Amino acid sequence: MTGARAAHRPGGVESLLLASARRLAGPVRGLGTVVISAFGLLGLPEQALPLGYALFGLVLAGAAVDCWSGLTGRAPALSLGCAVVRVVAVCACQEWTGGGRGLWALNVLTTTAITLQWEWPPAVTVPVTAGLLAVDLAVAGGEDIGTLVPRLVFECLLARLGFVLLRRSGRTVDEQHRRRSVVARAEALSSARHRREREYLALLHDTAASTFLMVAVGGKDADPAEVAAYARRDLAILTGAAGGATARDSPVDLPASLRGLLDRDRPAVEYRDTGEAIPVPASVALAFVRAVHEALVNVERHARVDAAVLGVGREGNAVVVLVEDDGVGFAPEEVAVTRRGVRCSIVERVAAVGGHATVVSRPGRGTRVRLVWPGD
């Protein structure tokens with residue numbers, strides 16, 4: 001298996017680096033040896049030109065195989081075999097292409113040895129490079145062994161070191177990406193869990209807690225049938241039978257959903273809308289209906305008035321719902337943090353579906369609850 005085909009995580013930086021090395025090493029080697037061979041032909045004596053042209057044709061054929069293999073990813077062993085044959089042929093013919101050591105053979109040898117480091121592991125490159133070096137020394141003589149061997153070893157080590165460092169850097173980047181993904185998933189899960197917890201607390205406030213408060217305030221005068229009806233409704237909401245997080249997020253007409261809140265004795269609700277359908281996701285409609293329900297319950301319990309105004313409409317692309325009363329009002333900044341009605345049942349509930357809610361009130365000046373969903 002080649003170094004570019006070693007085990008790695010698909011789709012990561014290391015994978016892209018290895019794929020690039022596999023794709024480019026062959027063409028770089030092929031085109032490089034063609035350029036070197038073209039200059040080598042220029043330095044041949046006239047009687048050696050026929051042999052030089054034959055070697056150049058072999059180099060061209062090998063370059064074609066290198067480019068085809070690199071671009072298609074097929075037959076890497078064939079590309080390696082052509083590279084070996086090419087170097088052996090050029091080195092073996094030095095005696096007939098000018099005698100002694102020629103730069104043509106030396107440069108073809110070093111280019112091939114360097115580019116092999118980007119494709120194959122040391123188990124392949126070391127014996128192949130040693131064999132090619134032995135052929136060159138056998139043909140040209142060993143008088144330059146003291147300079148040629150250190151040079152070739154140094155160039156191959158640099159090529160291998162550069163490749164290993166780049167691959168290690170890619171692996172480090174992949175590991176950092178993996179860790180960030182793990183952290184992001186953990187944060188997303190934690191955020192979703194906290195949203196569900198807040199929604200559940202808001203549901204408890206709107207259902208069971210409200211029913212308990214009614215019983216506590218009414219005491220013995222509480223109507224058992226009415227308490228039982230509230231309890232059945234609370235159970236249906238908490239178990240999802242009456243809609244909740246499990247409901248499908250299909251489009252729902254918000255004004256039609258809000259009209260379901262008008263059938264109540266206190267407070268008497270004056271409903272205002274434009275008469276047009278305003279479709280919103282079911283989760284948004286459910287959050288707005290529950291937030292408006294909580295606002296109307298607050299009017300009934302705390303405002304000391306028997307009437308409220310509920311309006312729904314658009315402001316550009318945004319959907320806006322208003323609940324207003326002329327009651328005694330209150331100071332929002334003085335509400336204890338343990339009181340969850342406005343904060344959880346209205347503000348956080350609307351924020352959980354991508355909207356925002358504002359509650360404006362002052363003692364003696366009534367209360368205005370404004371719910372906005374951006375509509376995008």
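The model is predicted, so local features need pLDDT of at least 70 and side-chain atom pairs count only at pLDDT 80 or more, while totals for chains, interfaces and linings use all residues. Residues are numbered from 1 along each chain as its sequence is written, and side-chain values use heavy atoms, leaving out hydrogens and water.

The protein chain holds 10 helices and seven strands. Helices (H or I, at least four residues) and strands (E, at least two) are DSSP runs, numbered from the N terminus. Buried residues account for 38% of the 376 residues. Here buried means under 20% relative accessible area, exposed means over 50%, and partly exposed lies in between (1.4 Å probe, protein chains only). The chain exposes about 20300 Å², of which carbon and sulfur atoms supply 62%. Accessible areas come from the Shrake-Rupley method with a 1.4 Å probe, and for residues only the protein chains shown count as cover.

The largest nonpolar core has 30 residues. A nonpolar core is a set of buried Ala, Val, Leu, Ile, Met, Phe, Trp, Tyr and Cys residues joined through side-chain atoms within 4.5 Å. Leu-254, Leu-258, Val-292, Val-321 and Leu-371 touch the most other members of the largest core. Elements giving two or more residues to this core include helices α8 (254-259), α9 (282-303) and α10 (341-351). Strands β2 (268-273), β4 (307-315), β5 (318-325), β6 (356-361) and β7 (367-373) do likewise. Helix α9 gives the largest share, 10 residues. Beyond its neighbours within four places in sequence, Val-292 contacts Leu-258, Leu-261, Leu-310, Val-321, Val-323 and Leu-371. A second, separate core has 29 residues, among them Phe-56, Leu-106, Val-108 and Leu-137.

Helix α3 covers residues 76-92. Its 17 residues should span 24 Å at 1.5 Å a residue, and its end C-alpha atoms are 24 Å apart, which agrees. The expected span is 1.5 Å times one less than the number of residues. Ser-79, Leu-80, Ala-83, Arg-86, Val-87, Ala-89, Val-90 and Cys-91 of α3 are buried. Their cover includes α1 (13-42), α2 (49-72), α4 (103-116) and α5 (122-140). Helix α4 has 14 residues and reaches 20 Å from first C-alpha to last, close to the 20 Å expected. Helix α4 is mostly covered, with 11 of its 14 residues buried. These buried residues include Trp-104, Leu-106, Val-108 and Leu-116.

The whole structure contains 12 salt bridges. A salt bridge is a side-chain nitrogen of Lys or Arg within 4 Å of a carboxyl oxygen of Asp or Glu. Arg-167 and Glu-14 form one of them, at 2.7 Å from N to O. This pair links distant parts of the chain, with Arg-167 in helix α6 and Glu-14 in helix α1, 153 residues apart. Both Arg-167 and Glu-14 are buried. Arg-171 also bridges to Glu-14, with the closest N and O atoms 2.9 Å apart. Arg-171 lies in α6 as well, 157 residues from Glu-14. Arg-171 counts as partly exposed because its relative accessibility is 44%. Glu-14 is buried, as its relative accessible area is 4%. Another salt bridge joins Arg-86 and Asp-66, with the closest N and O atoms 2.9 Å apart. Arg-86 is in helix α3 and Asp-66 in helix α2, 20 residues apart. Both are buried. Arg-29, Asp-66, Arg-86 and Glu-119 are linked in a network of salt bridges.

Most residues other than glycine have a negative phi. Ala-75 has a positive phi of about 50° although it is not a glycine. Ala-75 lies in the loop between α2 and α3. Arg-304 also has a positive phi, of about 65°. Arg-304 sits in the loop between α9 and β4. Arg-304 is exposed because its relative accessible area is 73%.

On the surface, Phe-154, Leu-158, Leu-161 and Leu-165 form a nonpolar patch with about 400 Å² of accessible area together. Patches are made of residues with over 30% relative accessible area and no salt bridge; like charges are joined within 9 Å, and nonpolar side chains (Val, Leu, Ile, Met, Phe, Trp, Tyr) within 5 Å. Leu-161 lies in helix α6 (residues 145-218). Leu-161 is partly exposed, with a relative accessible area of 47%.

Notes: Contact = heavy atoms within 4.5 Å.
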